[in-house]
Amino acid sequence: MKNHISYIVILLYLCVGCTPEKAQISIPVAARSLIPYPNEVIPADQGFLIDANTTIYAGTNLESQAIAQQFSSRFTKASGITLVSVNESKLATNSIHFVLDSAAKEITNDEGYLLKITPDRMIVRAKAMPGLYMGLQTLFQLLPDEIEPDAMHTDIVWGVPGVTINDAPQYAYRGAMLDVARHFFSVKDVKRYIDLIASYKINKLHLHLTDDQGWRIEIKSWPKLTEIGGTSAVGGDQGGFYTQAEYRDIVAYAKLHHITIIPEIDMPGHTNAALASYPALNCDGIARPLYTGMKVGFSTLCVDKELTYKFLDDVIRELASLTDGDYIHLGGDESHVTSKQDYNVFLTKAQAIVKKYGKNVMGWEDIQSAGISDETIIQHWTNADIATLGAKQGASVVLSPAPKTYLDMKYSKDTKIGLTWAGVTPIDNAYAWNPASLLKDVPASQIIGIESPLWTETVVDMEAIEYLAFPRLIGHAELGWTQEKNRSWESYLKRLKSHQNRLKIRKVNYYQSPLLE
Ligand code: TNX
């Protein structure tokens, strides 16, 4: 492993006339790999050294105190040094500050932040909590790699480059999607995924909760959905589901990481697990057998039955009560055995139910045919013309073009897991595209972000999730956050190469692409 520390100039000397015994440190900011790259990075000569006398300030605001606490506890775990925490805002030297300032004029966005590192202090300033959290992630990236959890290193000089960073995201929606239906993943796995994606400022986690192969969320008024439909998975592998308490735990954990969970109940197709659980949901009243294959497009809810809408109402009511975000995802893809007319009737009714429970609709681009409102988010995955028709109705668009963002596509033909229907996606291909110009006839203002789906037909455990997601998802995080003028494959590749060390420390089973050699 190449050690990039070797080219960092660290000057440690005692500064005459400064705070007694505080050493000075000089580290070029370029020696730290910032991903996603911030809007504005102004390097300074002298940096900050965290030592046993460093104090940490978060004012009287409980939320910013919680951010300071996150910094301290991770720092203590990594260094063995306990930072003294002070809840008043005195600008002492040798101090770290987390400042929530709703009047800060230089910060234009709730997720934006200012970070200033001088020899005397490090200040992260934001006008809202999401910005303070995003600034914290950047601060971690400015510390030595050993700040990554979980081992303790007592021999590290905890130097931070001198720099002023003024940052804010390009897109409000920066998402990852995990398909927990084809294979089920435990709460622990989902939390690990949340930990990892939060570091790259991803702020949405879309959970694909139901599909032909499994129903993964407890619905108390329809218990057989999980008692029966929760038991299967692709390949006859073990099924599973989240109780509502477990799901709430995921939502709360995500919230701590400033990530909103977007739940998806895919319909009217991709519903075999529900059709196997309740015979009455089928038009012929006969339960379908559980399905463990990988084909898509063979199932449909019964559009003409009143019971279908009672079912939907119950499912969406319960799901809405578990959802703290504004959106419920209705799927709507690949309903190949539903007639076009039935599909549109069904989705019109389903959208009204989502509205009735106070949420907005998100759906795959296909749902536009039913008529959608301008509060809808459509997710582009395969057909630019269809997505464009959705945008023409005023909807916002999240981009998940399969050849670029589908994390289940193989890296190369030799990749052992994954699919190839949208091609193979090496790491440069996943990065090198511009969200603003992907859909020629959609105004840039309607593109609200990008999302990277990980479908799990071939993905059976956390190692496999990490292998397919990393490092491609890191590149997508940069596409979602960083302005185009600050992005280039060359710059990103250089940063990613040295960032690998952090993935290793975190024991992420990432794909060591030949491009990283
Ligand atoms: C297409 S993307 C699907 C999924 C599959 C995926 C596999 C979409 C809306 N539908 O049902 O799992 O391809 O890559």
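Residues are numbered from 1 along each chain as its sequence is written, and side-chain values use heavy atoms, with hydrogens and water left out. Because the model is predicted, local features need pLDDT of at least 70 and side-chain atom pairs count only at pLDDT 80 or more, whereas totals for chains, interfaces and linings use all residues.

Helices (H or I, at least four residues) and strands (E, at least two) are DSSP runs, numbered from the N terminus, and two strands are taken to pair if DSSP finds at least two bridges between them. An open sheet is formed by 7 strands in the order S3-S11-S8-S9-S7-S5-S6, with mixed pairing. Its edge strands, each pairing on one side only, are S3 (40–43) and S6 (84–86). Neighbouring strands of this sheet are turned by 10° against each other on average, direction ignored; axes are lines fitted to C-alpha atoms, for helices over the stretch in contact, and angles run from 0 to 180 degrees between N-to-C directions. Strands S7 (residues 95–100) and S9 (residues 121–126) run parallel and are joined by 6 bridges, with Phe-98 standing opposite Val-124 in S9. Helix H1 (residues 62–79) packs on the sheet and touches S5 (55–57), S7 and S9, its direction making about 145° with that of S7; contact here means heavy atoms within 4.5 Å. Helix H2 (residues 129–142) lies across S7, S8 (113–117), S9 and S11 (163–167), and runs at about 35° to S8.

Strands S12 (residues 173–179) and S21 (residues 447–454) pair in the parallel sense over 6 bridges, and Glu-451 in S21 is the bridge partner of Gly-175.

The axes of helices H13 (residues 472–481) and H14 (residues 489–505) come within 11 Å and cross at roughly 130°, which makes H13 oblique to H14 (angles under 35 degrees count as roughly parallel, over 145 as roughly antiparallel, 65 to 115 as roughly perpendicular and the rest as oblique). In this contact, Ile-474, Gly-475 and Glu-478 of H13 meet Tyr-492, Arg-495, Leu-496, His-499 and Leu-503 of H14. The contact residues divide into 4 nonpolar, 2 polar and 2 charged, where Ala, Val, Leu, Ile, Met, Phe, Trp, Tyr, Cys and Pro count as nonpolar, Asp, Glu, Lys and Arg as charged, and the others, Gly among them, as polar.
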